[in-house]
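Please find below a short note on the model, arranged as numbered points.

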Amino acid sequence: MAGLALMTSCSVSNVKSTATVIKDCTGTYLRINKEDYQVCNADILKNHQQGSTVSATYRKVRKCPELDGRIVCAMYHEKAGNIRIHSIN
């Protein structure tokens, strides 16, 4: 039973998708299939403007250590989860 719990807590494999870059005071996101995913390693998108389209290889993750303790604005941005980008084309 413990092995099953461990397997289900792991992140999924890398996925490649076309996405729109969304930036606001709460962070950087990729909009994929009408859902926003917060980017843990947002520095990879620093040269991409709000609204630009990218082809990204990423994986979904549960936590973003880079965002822990980071002060953001009081705005709420609904998100479908967190992702870590491996490459941008």
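1. Gln38 stands opposite Asn82, a residue of strand S5. S5 covers residues 81–88 and pairs with S3 in the parallel sense, over three bridges. Two strands are taken to pair if DSSP finds at least two bridges between them. Helices (H or I, at least four residues) and strands (E, at least two) are DSSP runs, numbered from the N terminus.

2. The model is predicted: local features need pLDDT of at least 70, side-chain atom pairs count only at pLDDT 80 or more, and totals for chains, interfaces and linings use all residues. Residues are numbered from 1 along each chain as its sequence is written, and side-chain values use heavy atoms, with hydrogens and water left out.

3. S3 is also joined to strand S2 (residues 27–32), here by four bridges and in the antiparallel sense. Within this pairing, Tyr37 of S3 faces Leu30. The two strands form a hairpin with two residues between them, and Asn33 in the turn has a positive phi of about 50°.

4. Why is S3 described as largely enclosed by the rest of the structure? Four of its five residues (35–39) are buried, so the strand is largely enclosed. Buried means under 20% relative accessible area, with a 1.4 Å probe and protein chains only.

5. The chain holds one helix and five strands, in the order α-β-β-β-β-β from the N terminus. Of its 89 residues, 34% are buried. Among contacts (heavy atoms within 4.5 Å) between residues at least 6 apart in sequence, 70% join residues at least 24 apart.

Notes: Buried means under 20% relative accessible area, exposed over 50%, partly exposed in between (1.4 Å probe, protein chains only).
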